[in-house]
Amino acid sequence: MAAVCDFLACGASAACRRSLTANSFLNRTSRACGFAAASRASPNTPTRRNTFVTAAEQVLITAKQPAMTVSSAELHAKQAWEFWKRLGSPKYHVAPMVDQSELAFRMLCFKYGATAAYTPMLHSRLFLEDPKYRAEHFTTCPGDRPLFVQFCANNPATLLEAARLVQDHCDAVDINLGCPQRIARKGKYGAFLMEQLELIESLVSALAQGLKVPVTCKIRVFPDKERTLAYARMLERAGCSVLAVHGRTREQKTAKAVRADWEIIKAVREAVSIPVLANGNIRNLQDVHDCIAYTGVEGVMSAESLLEDPALFWPHRLTQEGAYTALEGVRLMKEYLDLAAQYPTPMRMIRGHTFSLIGPWLQEFTDLRDKINTAKLEIEIIRSVVAELDVRIPKTGRTHPIPKLSERALARMEREAAMAGAIAEQQRQDAALADLIPTDRKSSGFAQFDKDVQQKMELVA
């Protein structure tokens with residue numbers, strides 16, 4: 001297969017960006033968003049700081065105006081459907097998952113029936129300014145299509161520049177408007193922008209007007225139905241071409257505790273004129289068919305269930321011989337490790353997939369679990385664990401494990417592991433952002449620029 005594209009070339013773009021003077025960078029940002037920079041010849045030319053604030057403010061002011069006329073709305077809907085058909089009208093989507101929907105996992109899902117996939121959520125500023133972050137978090141290859149690259153953001157200009165780095169290597173750029181986790185609250189993105197609809201509209205408009213590929217969105221719903229429908233219509237007006245709807249509110253974070261509301265997803269599908277995807281309550285392929293039949297959506301995306309069974313979309317799953325058992329996790333683990341070796345993958349991602357795929361057996365054979373928990377984990381260690389499972393499982397005479405821990409203890413361990421993972425991701429993001437500030441912002445006064453702009457944008461919103 002073709003080698004992974006690691007986007008080292010994109011580092012040049014970031015390096016050039018850092019070398020720009022403050023004024024040239026601000027003017028370029030204005031042009032990127034479709035706004036003319038202030039004339040340098042005019043005696044009334046604002047200061048550099050005000051030039052940037054004016055550009056950011058203009059994005060929001062424009063978002064307050066009707067994004068489309070009736071005729072342009074019809075044209076947008078037509079183009080959205082043409083785009084969808086060019087992709088092959090994909091029904092089965094790998095959801096965006098931080099540190100989990102990476103290239104190796106996407107390729108495994110494509111092998112077993114997935115017809116489109118999303119990258120993990122990418123932090124737009126880090127992606128734009130940090131070459132190491134880009135190289136680690138975004139890799140692709142020719143077979144990795146259709147591909148939606150997802151970003152989180154709260155600044156239209158930054159989002160647009162980051163998205164332009166990937167637009168030639170994907171089919172669409174997606175905006176994460178649905179993440180309900182603590183990292184999104186702290187970073188002021190995802191579902192925590194739901195009170196700033198004008199800012200959301202400006203994010204979508206900036207990409208719709210400035211990219212060569214369509215912009216798509218993934219959202220959560222409001223508790224109020226009409227507010228949710230108005231939200232969906234606004235996103236369509238702003239230029240969203242495909243809308244993925246998670247049928248839970250921002251506060252409903254635990255999938256096992258609260259079932260997704262297919263009724264509101266159905267209502268959104270009837271309220272907009274663009275393709276809609278459903279997310280929530282997808283445990284197996286039959287659920288996929290039931291959801292599409294009930295809601296009328298064009299496709300379904302799966303996250304947690306797909307982590308446990310990357311072959312969830314495989315038609316063979318609906319046959320008696322192909323039904324999922326814990327033995328399948330061991331088989332799929334072998335295939336995933338081969339792909340992770342072919343497409344170099346950070347060990348924290350491999351470890352996560354290991355517990356998703358063979359975790360049930362590790363709850364019975366706890367000595368093997370201890371090997372996986374070693375600080376210096378390598379792929380060969382995991383291969384040896386899988387090989388040992390091939391020896392031990394047949395001796396049990398069972399196709400399912402018997403955990404040595406109680407369900408309550410296992411649930412506690414899952415919560416602790418999830419919290420540890422969230423904290424680790426937050427620490428990595430904080431450290432990466434901290435590294436950026438001294439090198440290209442603090443020394444040139446950009447830190448104060450950012451603070452002033454953020455305050456101004458909040459006032460305008």
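Predicted model: local features only at pLDDT ≥ 70, side-chain atom pairs only at ≥ 80, totals over all residues.
Residues are numbered from 1 along each chain as its sequence is written, and side-chain values use heavy atoms, with hydrogens and water left out.

**Exercise 1. Find how many helices and strands the protein chain has, and what share of its residues is buried.**

Solution. Start with the DSSP runs, numbered from the N terminus: helices are H or I runs of at least four residues, and strands are E runs of at least two. The protein chain has 20 helices and 9 strands. Next, take buried as under 20% relative accessible area, exposed as over 50% and partly exposed as in between (1.4 Å probe, protein chains only). Of the 461 residues, 53% are buried.

**Exercise 2. Work out how helix 16 and helix 18 are oriented.**

Solution. Two packed helices are described by the angle between their axes and the distance between the axes. Axes here are lines fitted to C-alpha atoms over the stretch in contact, with angles from 0 to 180 degrees between N-to-C directions. Helix 16 (residues 347-362) and helix 18 (residues 379-396) pack at about 10°, with axes 11 Å apart. That makes helix 16 roughly parallel to helix 18 (angles under 35 degrees). Now look at the contact (heavy atoms within 4.5 Å): helix 16 contributes residues including Ile 350, Ile 358 and Trp 361, and helix 18 contributes residues including Ile 382, Val 386 and Leu 389.

**Exercise 3. Identify which residues of helix 5 are buried, and what they pack against.**

Solution. Begin with the count: 8 of the 9 residues of helix 5 (residues 103-111) are buried, so helix 5 is largely enclosed by the rest of the structure. They are Leu 103, Ala 104, Phe 105, Arg 106, Met 107, Leu 108, Cys 109 and Phe 110. Their packing partners include strand 1 (92-94), strand 4 (147-152), helix 15 (326-342) and helix 16. Finally, step past the end: helix 5 is followed by Gly 113, whose phi is positive, near 110°.

Notes
Parallel < 35°, antiparallel > 145°, perpendicular 65-115°, else oblique.
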